[in-house]
Amino acid sequence: MRTTSLRLSVLATALAALAFSTMPMLAQDGGRPPVGRVAYHFVARLLQNPNGTFFVLGYVNFLDGVSAPLFDGVPGEKTAVMTFRSDLISAAPLFNGNVVVLNWPASPAPVVKFYLNNSPNQDWNQPDSFSKGQPIGSFSARVGQVAITGTTAMVTFSNDWVSTRDFSLGGKTYNLGRLSPGGGTISNYVSAVPVPTTVSGFPVALTSGGTSFVIGAEGKD
């Protein structure tokens with residue numbers, strides 16, 4: 001009886017060790033990042049239609065917890081391996097002297113989708129090039145506001161993850177839902193001076209760069 005128990009104990013230990021060794025290597029070995037920490041930086045463009053609708057596309061240039069390169073070559077939109085693209089957004093203007101504020105509805109909130117492309121070749125004038133590759137996550141952009149004054153603007157909103165999935169970079173497995181638990185709060189600086197595009201229906205774009213901060217309860221996986 002004692003021999004049987006010993007064998008079962010050894011077998012259980014071996015199975016536990018095997019399960020641990022085959023688990024994906026996640027970036028958050030030390031637990032989730034603290035609330036308020038920078039989750040990622042990004043570079044983006046907001047493409048405008050004369051009817052007042054717009055959409056956003058861009059790439060991630062820093063992702064906290066990821067040591068692998070985020071560019072396949074000289075850094076820029078053409079070589080970025082992690083890109084994103086939003087739904088079409090419609091925002092109602094509010095006027096306050098020389099400040100214009102645009103708000104989009106909280107429901108239904110526009111969705112932004114993220115992609116991983118191991119053979120990147122993006123072009124600002126080809127929006128579809130930013131939505132190619134492996135889908136790795138999407139969030140709903142709620143409580144959004146664009147404040148415009150003079151030649152600058154600021155976009156602020158919080159987002160909730162709709163879905164995330166594991167992806168591999170540099171031999172490690174990551175997940176956006178673990179790198180930024182609970183979603184994020186985004187602060188995005190925009191030039192209000194439009195640049196021309198060749199995108200049909202969207203003749204101008206606003207250039208921008210911003211940051212997403214971690215939100216959600218702290219804790220360990």
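Reader: How many aromatic pairs does the structure hold?

Author: This predicted model holds 14 aromatic pairs. Tyr40 and Phe114 form one that is edge-to-face, with 6.0 Å from centre to centre and 80 degrees between the planes.

Reader: Which parts of the chain does that pair link?

Author: Distant ones: Tyr40 belongs to strand β1 (residues 38-48) and Phe114 to strand β7 (residues 111-116), 74 residues apart.

Reader: Are Tyr40 and Phe114 buried or exposed?

Author: Tyr40 and Phe114 are both buried.

Reader: Why is the pair of Phe114 and Phe139 tilted?

Author: Planes under 30 degrees apart count as stacked, over 60 as edge-to-face, and the rest as tilted. The planes of Phe114 and Phe139 stand at 55 degrees, so this pair is tilted; the ring centres are 5.6 Å apart. Phe139 lies in strand β8 (residues 134-149), 25 residues from Phe114 in strand β7, and this pair too links distant parts of the chain. Phe139 is buried, as is Phe114.

Reader: Which residues do ring pairs link into a cluster?

Author: The cluster consists of Tyr40, Phe42, Phe84, Trp104, Phe114, Phe139, Phe157 and Trp161.

Reader: What is there to read at the level of the protein chain, starting with helices and strands?

Author: The protein chain has 2 helices and 14 strands. Of its 221 residues, 41% are buried. For contacts between residues at least 6 apart in sequence, 63% join residues at least 24 apart.

Reader: What does the accessible surface of the protein chain come to?

Author: About 11,800 Å², with 58% of that belonging to carbon and sulfur atoms.

Notes: Residues numbered from 1 in each chain as written. Predicted model: local features only at pLDDT ≥ 70, side-chain atom pairs only at ≥ 80, totals over all residues. Heavy atoms only, no water. Helix = DSSP H or I, 4+ residues; strand = E, 2+ residues; numbered from the N terminus. Buried < 20%, exposed > 50% of the residue type's maximum accessible area, 1.4 Å probe, protein only. Contact = heavy atoms within 4.5 Å. Areas by Shrake-Rupley, 256 points an atom, 1.4 Å probe, with all protein chains shown as cover. Phe/Tyr/Trp six-rings, centres within 6.5 Å; stacked < 30°, edge-to-face > 60°.
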